[in-house]
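Visitor: I would like to learn how to read features in a model like this one. Could we go through a few in turn?

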Amino acid sequence: MALDQGTTSSRAMIFDKAGQVVAADQMEFEQHYPAQGWVEHDPDDLWSSSLKVARRAYEQAQARGYEVAAIGITNQRETTIIWDRQSGKPIHKAIVWQDRRTAQRCRDLKADGVEEMFRARTGLLLDPYFSVSKIAWLLDHVDGARRAAENGDLAFGTVDSFLLWNLTGGREHATDVTNAARTGLLNLETLEWDDELLRLFRIPAAILPQIKDCADDFGASDPALFGASIPICGMAGDQQAASIGQCCFAPGSIKSTYGTGCFVLMNAGSRPPVSQNRLLSTVAYRLKGQTAYALEGSIFIAGAAVQWLRDGLKIIDSAAESEALASGLADNSGVYLVPAFTGLGAPHWDPDARGALLGLTRATGPAQIARAALEAVCYQTHDLLAAMESDGLAPQSCGWMGAWWAMIGPCSFWPIF
């Protein structure tokens, strides 16, 4: 069973030994926007939706004569949850990776000259995207949180850790190295929590999970959940999991996946890459103690722009309608969308940027706006690939990948949804 807890939905899929899907289920959950630039999830929604889809898929598989041998977890990265170790109850809503509330704190640290040290140790940039400033915010703004953390009464985790805690009935507090690498607290050289960064952000080490390989012993599920105790044997952040799934095991191999956001990961080999174009250095995976690193470009809004067409503008009833609208046009009619709804990611890293819809005329309608939303994904992807090429780390051109680059390069319309 692959349990995939994403930004807008939770999904469970069960595969047989040949890699064929034998059961699947998915459900969306509510998004919370308590203030401008703030994005939250109710952690109970993350857990309850994950459990529901897992149980439904499990029942489907059993009905077809299958038994589940193991569970693997993949998850939206950077999203930050802190919970009470005794009760298991979160102390606050989850602060989502898109959230911008800590932008000023990051600016202050940059002004203090901290960013180069931070980048050298973590491979990341000082941006509210990552977990570390979110952890500090929770400890500073939830009554009694800092004292409780210092007393060892609280646990921090990205979503993988929170799911693992609940799946195992509170017996396991762990994460894998790919999720740890997105917190802003992992030292890329030692692959351990960094004491200096913990001091800088005033985060007690007692709240942190144990770091494991992507394929490891993460305990077993509580028998009450599925009627049997199932080993939990794998964990990876969603983008790294996609990279593994796309078999990006050779240096230079690359994946670009499109969900809520878009993320381009390139396998960089056995040493952390260094970008001159504000791309990220991160962990691709660690298996049997052997680590592969990756160069990453992060786009915050991709499929979320289509969701905005549906739920915000209400010009479509389903995501699939965006393709029908857009492909009915000969061109984009000069209409462009900059989907900076929660700032801009790589290579710009501007948390204060906001969205813009340009080139509007009296002839502009739903079709033009839908096409602009889809094309925005292509333009942003082009920016990332151009940055990688400028770093001298362009992807290997092979088969479909070369054709994909040729199609994305001129930013011609590409109906990816």
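Visitor: Which backbone nitrogen does the side chain of Asp213 reach?

Guide: Bear in mind that this is a predicted model. The side chain of Asp213 reaches the backbone nitrogen of Lys288, at 3.2 Å. Asp213 itself sits in the loop between β12 (210–212) and α9 (223–226).

Visitor: Is Asp213 buried or exposed?

Guide: The cut-off for buried is under 20% relative accessible area. Asp213 has 10%, so the residue counts as buried. Apart from neighbours within four places in sequence, Asp213 is in contact with Asp176, Phe218, Arg286, Leu287, Lys288 and Gly289.

Visitor: What is found at the two ends of α1?

Guide: At the start of α1, a side-chain oxygen of Asp42 comes to within 2.9 Å of the backbone nitrogen of Asp44. Just after the helix, Gly65 has a positive phi of about 90 degrees.

Visitor: Which residues of α1 are buried?

Guide: The general idea comes from the helix repeat. An α-helix has 3.6 residues a turn, so residues three or four places apart point the same way. In α1, the buried residues include Pro43, Leu46, Trp47, Ser50, Leu51, Ala54, Ala57, Tyr58 and Ala61.

Visitor: Which residues touch the most other members of the largest nonpolar core?

Guide: That core has 79 residues, and those touching the most other members are Tyr129, Ile135, Leu185, Ile203, Ile207 and Trp349. Helix α13 (residues 366–390) gives the most to this core, with ten residues. At least three residues come from each of domain 1 (2–239) and domain 2 (247–416). A second, separate core has 35 residues, among them Leu3, Leu46, Ile71 and Ala94.

Visitor: How many aromatic pairs are there in the whole structure?

Guide: A search finds 16. One of them is Tyr129 with Phe130: the ring centres are 4.7 Å apart and the planes are at 45 degrees, so the pair is tilted. Both Tyr129 and Phe130 are buried.

Visitor: Which residues do ring pairs link into a cluster?

Guide: The cluster consists of Trp97, Tyr129, Phe130, Phe263, Phe300 and Trp349. Leaving out neighbours within four places in sequence, the contacts of Trp349 include Tyr129, Phe130 and Phe300, as well as Asp127 and Arg278.

Notes. Residues are numbered from 1 along each chain as its sequence is written. This is a predicted model: local features need pLDDT of at least 70, side-chain atom pairs count only at pLDDT 80 or more; totals for chains, interfaces and linings use all residues. Side-chain values use heavy atoms; hydrogens and water are left out. Buried means under 20% relative accessible area, exposed over 50%, partly exposed in between (1.4 Å probe, protein chains only). Helices (H or I, at least four residues) and strands (E, at least two) are DSSP runs, numbered from the N terminus. A polar contact is a pair of N or O atoms within 3.5 Å; within protein, one must be able to donate a hydrogen and the other to accept it, and residues adjacent in sequence count only if both atoms are side-chain atoms. A nonpolar core is a set of buried Ala, Val, Leu, Ile, Met, Phe, Trp, Tyr and Cys residues joined through side-chain atoms within 4.5 Å. Domain bounds come from an automatic or database domain assignment. Contact means heavy atoms within 4.5 Å. Rings of Phe, Tyr and Trp (its six-membered ring) pair if their centres lie within 6.5 Å; planes under 30 degrees apart count as stacked, over 60 as edge-to-face and the rest as tilted.
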